[in-house]
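Hi,

Here is the structure I promised to send over. Have a look at it first, and then read my notes below.

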Amino acid sequence: MNLEFERSPKLQKWLRWMEVVHSEISVLLRDTSKFWEVQDIISANPRIQKPSTFYCYLGRTYLSHALAGLRRQIKPNKESISLIGLLDDIAENPEQLSRSYYRSLCSHPDEPDICQIESEGRTTLAEAGITDSSQLKKLINVDDFAQYAD
């Protein structure tokens with residue numbers, strides 16, 4: 001990453017929020033996976049497949065936990081960090097996501113790595129008449145930013 005790029009306070013906030021949202025959603029996904037692993041254990045073991053208040057409790061607790069986590073991410077609330085809050089803020093301030101910031105994320109924003117192009121199997125460099133990295137723009141659209149900028 002290009003450390004010379006100066007991020008606006010708004011962009012810095014979004015990056016912090018992305019970390020929080022990512023972490024919270026990851027926990028929900030992990031918990032969902034664990035719940036279904038337990039269900040698979042129960043399904044695979046006939047000795048424990050009987051009506052149980054514990055199983056009812058487990059199902060209700062999981063459902064409540066999952067819905068609360070989901071609601072937290074999709075309900076707008078100025079007092080907390082959420083996915084919908086992040087997306088709303090980005091929609092209200094799209095100019096903060098600049099081309100220069102996008103390019104700062106690339107190690108070589110104007111010149112993709114020759115090995116990467118060859119490994120993608122698009123064509124051989126020799127067949128394309130490519131002798132150095134600066135000519136790779138002939139093969140690919142380096143600046144994908146434009147398709148999202150509008």
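Asp 89 touches Lys 10, Lys 13 and Trp 14, leaving aside residues up to four places away in sequence; contact here means heavy atoms within 4.5 Å. Bear in mind that this is a predicted model, where local features need pLDDT of at least 70, side-chain atom pairs count only at pLDDT 80 or more, and totals for chains, interfaces and linings use all residues. Residues are numbered from 1 along each chain as its sequence is written, and side-chain values use heavy atoms, with hydrogens and water left out.

Back to Asp 89: it lies in helix α3 (residues 83-92), helices being DSSP runs (H or I, at least four residues) numbered from the N terminus. At 8% relative accessibility Asp 89 counts as buried (buried is under 20% relative accessible area, exposed over 50%, partly exposed in between, with a 1.4 Å probe and protein chains only). Its side chain meets that of Lys 13 in a salt bridge, 2.7 Å from N to O. Lys 13 lies in α1 and Asp 89 in α3, so this pair ties together parts that are 76 residues apart in sequence. For salt bridges the rule is a side-chain nitrogen of Lys or Arg within 4 Å of a carboxyl oxygen of Asp or Glu. Lys 13 itself is partly exposed, at 22%, and Lys 10 joins Lys 13 and Asp 89 in a salt-bridge network.

What else is buried in α3? Besides Asp 89, the buried residues there are Gly 85, Leu 86 and Ile 90. Looking down the axis of α3, they fall within an arc of 135°, so they line one face of the helix (the arc is taken from the directions from helix axis to C-beta atoms). They pack against α1 (9-44), while Ala 91 and Glu 92 are exposed on the face turned away.

Leu 86 and Ile 90 also belong to the largest nonpolar core, along with Leu 11, Trp 14, Leu 15, Trp 17 and Tyr 101. Four of its residues come from α1, the largest share. A core here is a set of buried Ala, Val, Leu, Ile, Met, Phe, Trp, Tyr and Cys residues joined through side-chain atoms within 4.5 Å.

The count of salt bridges comes to five. One of them pairs Arg 72 with Glu 24 at 3.0 Å, N to O, linking α2 to α1 across 48 residues. Another joins Lys 34 and Glu 37, with the closest N and O atoms 3.8 Å apart; both lie in α1, about one turn of the helix apart.

Cheers

Key. Helix = DSSP H or I, 4+ residues; strand = E, 2+ residues; numbered from the N terminus.
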